[in-house]
Amino acid sequence: MPASSMTDGAPRTRIPGVPSGQRRHVAVMVLVIALLLLGSQAPVYRVSQLTAVFIFALAIMGLNLVAGYGGMLSLGHSAILGVGGYTTAILINDARLTPLSTIPVAVVLGVLAGALIGLPASRVKGIYLALVTLAFAVSFPEFLKRFDGLTGGAGGLIVRSRDLVPPPWSGFTRAERGEWMYWLAAAALLLGFALVRSLTSSRRGLAIRALRDHEVAAVACGVSAARDRVTLFAISGGITAGAGALYAMYLGALSPESSFTVFTSIQLITGLIIGGVATSLGPVIGGFAVVFIPAVTTELTNGQAYGLVFGVILAAVVFLMPSGIAGWLNGLPKALSVHRHRGTKHDPERHDGG
Amino acid sequence: MTLLVERLADGLTNGFVYALMALALVVVFRASSTVNFAQAEMALFTTYLAWWMTTKGASIWLALIAACIVGFIIGAVTERTLIRPMEKRGEMPTLLMLVALFTALNSIDGLIWGLDYHSMDGLFPGGIDDYISVAGARLYFEAIGVWVAAIVLLAVVFAAINKTRLGLRMRAAADNPTSAALSGINVGRIYTIGWGGAAVLGSIAGILIAPISAQQLSLATMFPVLIYGSAAAIIGGLNSLGGAVIGGLSLGLAESLLTGYVDLIGPQMHQTTALAVMVIVLLFRPTGLFGSRLEERV
Amino acid sequence: MKKLRLLVPAALVPLVLASACGIDDSGDVAGSVNADGSFTVDTANCLDPAAATKEIGDTIKFGWSVALSGPVAATQVRVNNGLQARIDHYNEAESDIGGRAIDFTMKDDAYDPQKAKQNVTEFIERDNVDVLGAAGTGQLAAVADDQNDSCVPLLAGQVAAPQFRDAQTYPWTTTYLPSNTLEMELITQLVTSEAPDAKVGLVYAQSESGESYRTAFKEAAEKAGIEIVVEAPVTTPEEAASQVREAGADVVFNGSVGPDCLGVPEAIARAGIEPEMLIQVSACADAKSIYQAGGAATDGAVLMSWAKQPGSADLESDEAWQEYAAAVTAVGGDPNDNYTIMGWTMMDIVIDSLRTADKDGLTRENIINAARTQTFHPELFLDGIDWSMEPETSLGIAEMQPLRWNAAEGRFDPLGDVLTVSK
Amino acid sequence: MSTLEVHGMSAGYGRAAVIHDIDLRVDPGQVVVILGANGAGKTTTMRALSGEVPVSGSITFGGRSIANLRPDQIARLGIRAVPQGRGTLTSLTVRENLLVGASCRADSEVEADIARWMDAFPALARRADQPAGTLSGGEQQMLALARALLGRPQLLLCDEPSLGLAPVIVRDLFSFLSTVNAETGTSLLLVEQNANLALNLASFVYLLEVGYIVESGPTSDFVNSDAIRRAYLGM
């Protein structure tokens with residue numbers, strides 16, 4: 001199966017219940033919180049940029065579930081992001097709900113949207129599935145325009161900042177909304193991270209990877225291909241829609257023509273590839289790539305070269321770092337240590353010699 | 001009646017262009033088992049080139065030939081440098097390469113030719129009085145020219161594929177690359193030629209559509225054509241040449257008639273309509289209406 | 001899986017608890033209208049009130065977030081030429097705002113609201129700009145709240161959407177483009193006077209602007225008692241033209257922009273319709289790419305304008321025009337471009353606000369107060385049309401001149417008098 | 001003079017070699033058979049010779065090195081392989097399959113050759129314009145053989161031609177191979193499990209065991225030989 005060759009999952013032998021591992025977990029948590037604290041002290045525009053990074057990372061994390069662990073390329077995640085965003089915006093504007101309380105609704109609708117987009121995955125695969133999901137991505141803005149009574153049509157929706165004030169219990173004032181969003185997005189990202197980790201290391205998760213790599217064998221072992229694929233899409237949809245909800249809260253404005261087109265999907269995929277497919281850190285790195293590459297190219301060239309730079313980086317990563325930056329980093333210690341003889345990275349090809 | 005004729009004519013014009021794009025996608029799919037997401041952007045590049053040549057005084061026919069040559073080179077070079085190295089790595093890396101190319105090409109067009117939209121002279125007379133009347137509807141030579149050009153082109157392509165040695169080799173390579181190679185066919189070269197040929201088809205489609213496109217010639221001209229073309233190719237069956245043509249024509253006609261006559265769908269949803277048809281076809285026939293076996297690698 | 005089942009509810013519970021109460025809808029007061037009709041913004045709500053009242057130093061920092069790449073950048077770049085040329089002209093030949101220079105920076109947002117927000121946040125927080133600008137409804141929507149909370153004036157935003165005109169909601173924001181409501185009302189005035197009892201075919205694009213023209217035109221037509229016989233969307237120009245012909249419309253209003261400015265008139269001509277009047281929106285004013293290219297199809301087309309049109313006979317002797325043309329040529333732009341003219345006048349208006357504000361001391365507060373109460377005649381506006389801002393309506397452009405394209409002469413000719421919105 | 005000479009050839013998939021240090025030789029007009037049990041490396045040997053698997057060592061054909069040439073280059077030099085599984089071009093017609101076999105030829109005798117092999121296999125003639133995918137297994141095997149022969153090879157590589165075919169068809173096939181060899185002078189290199197049939201046809205035998213040539217010699221040495229039994233049973 002082709003997808004496996006680029007998804008070097010960096011297998012690690014971990015023995016459960018060994019205290020050193022737990023100590024490492026604690027150490028990692030402390031490090032993460034320290035980094036987040038450091039980030040929150042950055043200048044306001046930087047904090048805002050980091051918030052965008054976290055939100056995109058979360059969206060990419062959802063995509064990683066299907067595209068990375070599931071081996072199913074989805075071009076439809078822009079629509080799921082939009083479902084989350086529009087749910088939050090509409091509930092705040094029309095139902096006058098507090099922003100936080102809209103997130104569960106957005107997640108649930110995202111699960112449904114994910115399942116809907118993933119439904120064809122039980123029947124079609126590979127390039128065909130990519131095209132089906134592309135259909136959802138292209139149709140989504142048209143749906144928004146068609147049902148403009150609810151969605152504001154082509155003009156989009158605005159959520160006023162006074163409706164987005166941090167909740168009183170958070171201790172943040174209205175003026176500190178940026179910081180509040182930073183921490184909220186960081187918390188959501190960590191939650192998403194934990195969820196994906198627990199999912200992929202569970203037995204189901206292993207089954208799903210087996211499905212990606214050796215479908216026939218996995219099905220023979222009792223894995224239900226159709227159901228697992230749709231489930232994976234549903235969970236992925238929930239995560240990405242959660243990111244969409246945060247996106248609406250962060251930005252306060254939704255625009256179908258510019259925020260939720262197929263190009264957003266391409267952006268998410270590019271982020272995932274650069275970060276590292278089927279790695280747990282890949283989406284986070286991808287979030288940085290998605291936010292910072294345009295920022296840097298804009299500073300350097302001011303304009304049209306942005307697409308060219310993005311394309312070249314994407315191609316270069318696919319060529320040179322098949323498992324993305326995260327995969328490359330994972331492989332680094334191995335590469336630096338003594339060359340081992342048998343550790344070939346390539347899939348053994350079919351072995352059917354007579 | 002007049003309205004019906006006009007809608008049929010519009011649908012046919014678009015349908016032929018979709019058919020050409022779908023055919024290009026199918027030719028590539030048969031070579032490399034991938035859908036060339038950058039097909040439309042390759043075509044956009046050569047269409048810009050042709051337009052630019054006409055602004056420098058070249059005749060549109062000369063520009064067409066140049067666009068075809070450059071298109072062939074772009075397609076062939078893409079296959080050799082970006083796609084062939086991904087062959088062993090499978091579907092996803094190949095698709096990503098094409099996404100990268102898609103983004104980069106569009107950006108390059110903008111860098112070279114600017115962001116303005118341009119009205120482009122067509123291959124056929126496009127004046128206000130260049131039409132014939134059918135049932136009160138005006139059929140413009142521009143549109144009729146597209147039909148004729150597309151029919152001729154399709155006939156040439158089908159003859160080339162079914163009646164020539166090169167066509168035989170292409171079909172053999174698409175059917176069973178190993179056997180083809182064991183019979184002495186340089187399969188790699190055939191793929192390269194296939195990609196080049198597909199890009200030529202795309203280039204011609206671009207030069208046919210740009211003068212009559214509502215978008216005129218701009219960075220956004222060709223992307224919708226890709227969407228419809230890929231829907232048409234899927235509907236017909238990704239490896240079926242005839243299916244691509246039938247898919248393209250029926251999609252063009254359905255688009256024009258459905259959005260024109262069915263209020264429920266309404267004008268906002270025309271891409272959705274095409275794509276919904278595609279998804280439904282796929283769910284019931286995963287290989288499309290005329291496609292044969294699904295590429296399955298275990 | 002077990003872990004997973006626990007995680008989800010654990011995450012959801014606090015969120016649901018937090019939602020126990022809805023949103024508090026009490027608003028803030030943004031400013032007050034004085035007895036003389038002028039406006040005083042309330043700086044008490046500012047995140048940093050001191051910054052709003054501090055005198056600006058030797059350089060006025062001005063940040064614009066606009067699309068320099070992506071699909072709409074084509075026209076935007078032409079607007080930007082006008083902006084840049086006007087700034088250069090000020091810095092080189094005027095410098096009369098207390099001798100200050102204007103430091104003008106454009107950042108690309110690729111028409112993406114998220115990038116626009118990022119740009120404006122950087123402008124405010126890192127670059128400490130004194131004045132902001134933005135283009136596009138979605139982009140302005142994404143930045144307006146932050147910008148108002150920070151009390152940095154955003155002047156002459158390149159947006160037609162009416163929601164940003166409300167001085168109480170967005171006290172620190174002004175927009176340049178005439179609202180579609182106003183333009184449509186003037187168009188219906190014109191239809192009533194020039195073609196009474198017309199059957200109007202309404203052609204509209206399925207875009208944000210198209211839908212907004214459509215809504216505004218229908219409202220205005222209803223008030224004026226004009227009959228709309230068909231509403232034809234531009235799925236393709238041909239399809240729209242067919243529908244117009246089937247409905248037997250004798251006046252066509254084309255509420256679409258971009259390539260359809262030319263595409264629709266051509267399709268109308270090709271469908272064999274010869275309407276009494278073909279009305280285009282003001283955004284379709286580009287003589288060269290639309291009307292000259294259109295030939296017979298665009299001959300006699302009518303549109304509303306407030307600014308001078310390139311190709312008019314008297315421009316040769318117009319000093320202001322010559323000044324403008326020289327400055328635009330210097331930045332590599334094309335003076336005979338309506339979008340460039342627009343950019344120039346936008347910046348003209350901003351500079352006038354700054355000048356006026358400088359009389360009371362150049363602070364952000366005074367800048368926005370000046371911009372909210374401003375009467376000014378930009379040299380490139382048509383004679384008899386002023387830029388007039390008042391805090392209640394914030395219209396800016398309230399009058400327009402109907403123009404008719406004369407294909408034989410290759411220019412726009414006035415059609416009747418300047419029209420004013422009825423009070 | 002066409003002679004296949006192989007010295008010290010190793011080949012395999014990825015980094016694991018399947019066959020080791022093999023020496024082989026096929027003279028003009030000669031029929032050579034490689035016998036061996038399942039998994040001995042027979043198919044790998046064939047694929048190495050036809051260029052489908054990367055190899056180390058030396059392979060020369062008519063004095064020219066062909067090691068690691070592409071399959072199509074090797075085919076054009078005059079070695080044609082009939083792969084295991086027959087490699088039918090299923091969507092092409094029978095006639096087109098044959099034309100593919102001749103697609104590198106520029107001479108005018110292609111049609112004559114097609115007629116000749118269709119005469120030999122009347123089943124192919126009857127279904128000349130049907131998609132080849134509709135043929136039965138035996139017919140597809142004959143088609144594969146005819147397709148290879150249309151390249152007018154000097155050396156024909158046949159990988160288990162008897163696999164999955166009824167005994168009566170297998171007999172026909174082998175008698176046909178013998179005719180071809182006699183009439184055209186094409187050398188044959190066969191891989192077979194059906195030792196009896198192969199030994200009837202071949203004049204020289206190689207025995208392959210887990211990737212190594214363990215014995216070789218003229219056919220006469222091997223009739224009723226223990227070595228053959230050992231090769232098959234892997235003892």
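1. E409(C) is exposed, with 51% relative accessible area. Exposed here means over 50%, buried under 20%, and partly exposed in between (1.4 Å probe, protein chains only). E409(C) pairs with R411(C) in a salt bridge, with the closest N and O atoms 3.8 Å apart. The term covers a side-chain nitrogen of Lys or Arg within 4 Å of a carboxyl oxygen of Asp or Glu. R411(C) is partly exposed, at 24% relative accessibility.

2. A word on the basis. This is a predicted model, in which local features need pLDDT of at least 70 and side-chain atom pairs count only at pLDDT 80 or more, while totals for chains, interfaces and linings use all residues. Residues are numbered from 1 along each chain as its sequence is written, chains are lettered from A and ligands numbered from 1 in the order in which they are written, and side-chain values use heavy atoms, with hydrogens and water left out.

3. How many salt bridges does the whole structure hold? R177(A) is buried at 10% relative accessibility. D146(C) is buried too, at 18%.

4. In chain D, R76(D) and D72(D) form a salt bridge, with 3.2 Å between the closest N and O atoms. Both lie in helix α2 (residues 71-77) of chain D, 4 residues apart, or about one helical turn. R76(D) is partly exposed at 41%. D72(D) is buried, with a relative accessible area of 3%. Elsewhere, in chain C, salt bridges with shared partners tie R86(C), E94(C), D96(C), D348(C) and R355(C) into one network.

5. Now the interface of chain A and chain B. Which residues meet? Chain A gives 45 residues and chain B gives 54, where contact means heavy atoms within 4.5 Å. About 4,300 Å² is buried between chain A and chain B, and carbon and sulfur atoms give 76% of it. Buried area is the accessible area (1.4 Å probe) that two parts lose on being put together, summed over both. I127(A), Y128(A) and Q304(A) supply 17% of the area that chain A buries against chain B, more than any other three residues.

6. The count of salt bridges between chain A and chain B is 0. Polar contacts across this interface come to 5 residue pairs, both residues at pLDDT 80 or more. Such a contact is a pair of N or O atoms within 3.5 Å; within protein, one must be able to donate a hydrogen and the other to accept it, and residues adjacent in sequence count only if both atoms are side-chain atoms. On the side of chain A that touches chain B, the elements giving two or more residues are α5 (126-146), α12 (262-275) and α14 (305-320) of chain A. α5(A) gives the most, with 14 residues.

7. Strand β3 (residues 59-66) of chain C has 6 of its 8 residues buried, so the rest of the structure largely encloses it. β3(C) runs parallel to strand β4 (residues 101-108) of chain C, joined by 8 bridges. Strands pair if DSSP finds at least two bridges between them. F62(C) stands opposite F104(C) in β4(C).
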